[in-house]
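Subject: Structure handover

Hello,

Here is the structure I promised to pass on. Please open it next to this email and follow along.

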Amino acid sequence: MTNPMTNPMTNRNHLAVFDWNSTLYDDAEASYHATNDCLAFFNIPPISFEKQQEIFSFPLIHFYQRAGVAADDYLKNTQQVSDIFHSTYNKLKKNCALMKGAIDCLDWLHTHNVTCIILSNMGQETLELDTQRLGVADYFETISGNADPATIINGTNKYERLHDYMDKNNYAADKTFIIGDSHEEPEVAKKLNILGISISGGLLSPARLEKYKKDYIIDNLAELPTILNKEWELGIKT
């Protein structure tokens, strides 16, 4: 496994940047139940999946505040809350699989000589183990997770990580896209002036996806080739 964001310069022209959770990995239900177990720790009644989509945000402290948890209470208990989340999540993720169309999409990108990387807020070790377990690690030049768990609590750094990767590996903005299920990916796309694609069914409601939208919103990874043929004129019809 390559170390995060340390790959040598590639000679490929195009870059595909994938979020992991609820983008390539169909784990939204596992995350939802784990989140409600965390809220129960603070004596907050369970919220619906739709409610979670309405209020979810990174950094996580903002989400918990919206759910009714005082910021000080959350900050005092972050480690315990993290332990609760991962305890539930790790039990449930055993039943989770790749998103529908993930392998076909990755194969298509590989056939068209597009470099793929993962850019995730998931812990680095967990991310590496899960991509290996699901048999997709070799599709990616780089798998970048969070080495520091505190970033997901107080702030995330996807923009900085991707900016540095593109700069070090000479990827042009007009030949790069990012896809994910939260507000982060379109925000990163806007800052870096790259193609931004959101995928539904994950952390944000349809209305919020529209609010943060950069270029496209899709419901299935099978829609990606059509978009990329249009934007990049890769030359082979799906």
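First, a term: two strands pair if DSSP finds at least two bridges between them. Helices (H or I, at least four residues) and strands (E, at least two) are DSSP runs, numbered from the N terminus. The model is a predicted one: local features need pLDDT of at least 70, side-chain atom pairs count only at pLDDT 80 or more, and totals for chains, interfaces and linings use all residues. Residues are numbered from 1 along each chain as its sequence is written, and side-chain values use heavy atoms, with hydrogens and water left out.

The sheet

Start with the open sheet. It has 6 strands, in the order β5-β4-β1-β6-β7-β8, and the pairing is parallel. In general, strands of a sheet pair through backbone hydrogen bonds, either parallel or antiparallel. β5 (142–146) and β8 (216–218) are the edge strands; each has a single partner, so one side of each lacks a neighbour in the sheet. From one strand to the next, the twist averages 20°.

Strand β4 (residues 114–123) runs parallel to β5, and 4 bridges join the two. Leu119 has Ser144 in β5 as its bridge partner. Helix α7 (residues 124–133) packs on the sheet and touches β4 and β5; its direction makes about 130° with that of β4. Axes are lines fitted to C-alpha atoms, for helices over the stretch in contact, and angles run from 0 to 180 degrees between N-to-C directions.

Gly180

Gly180 sits in strand β6 (residues 176–180). Its relative accessibility is 0%, so Gly180 counts as buried (buried means under 20% relative accessible area, exposed over 50%, partly exposed in between, with a 1.4 Å probe and protein chains only). Leaving out residues up to four places away in sequence, Gly180 touches Asp19, Thr23, Glu185, Ile197, Ser198 and Ile199. Contact means heavy atoms within 4.5 Å.

A helix pair

Now go to helix α9 (residues 158–169) and helix α10 (residues 184–192). They pack at an angle of about 45°, and their axes are 10 Å apart. That angle makes α9 oblique to α10 (under 35 degrees counts as roughly parallel, over 145 as roughly antiparallel, 65 to 115 as roughly perpendicular and the rest as oblique). From α9 come Lys158, Tyr159, Leu162, His163 and Met166; they meet Glu184, Glu185, Val188, Lys191 and Leu192 in α10. The contact residues divide into 5 nonpolar, 1 polar and 4 charged. Here Ala, Val, Leu, Ile, Met, Phe, Trp, Tyr, Cys and Pro count as nonpolar, Asp, Glu, Lys and Arg as charged, and the others, Gly among them, as polar.

Backbone points

Most residues other than glycine have a negative phi, and most peptide bonds are trans.

- Pro59 lies in the loop between α2 (49–55) and α3 (60–66).
- Asn113: phi is positive, about 65°, although this is not a glycine. Asn113 lies in the loop between α6 (102–111) and β4 and is partly exposed, at 42% relative accessibility.
- Asn193: phi is positive here too, about 55°. Asn193 lies in the loop between α10 and β7 (195–199) and is exposed, with a relative accessible area of 58%.

Best wishes
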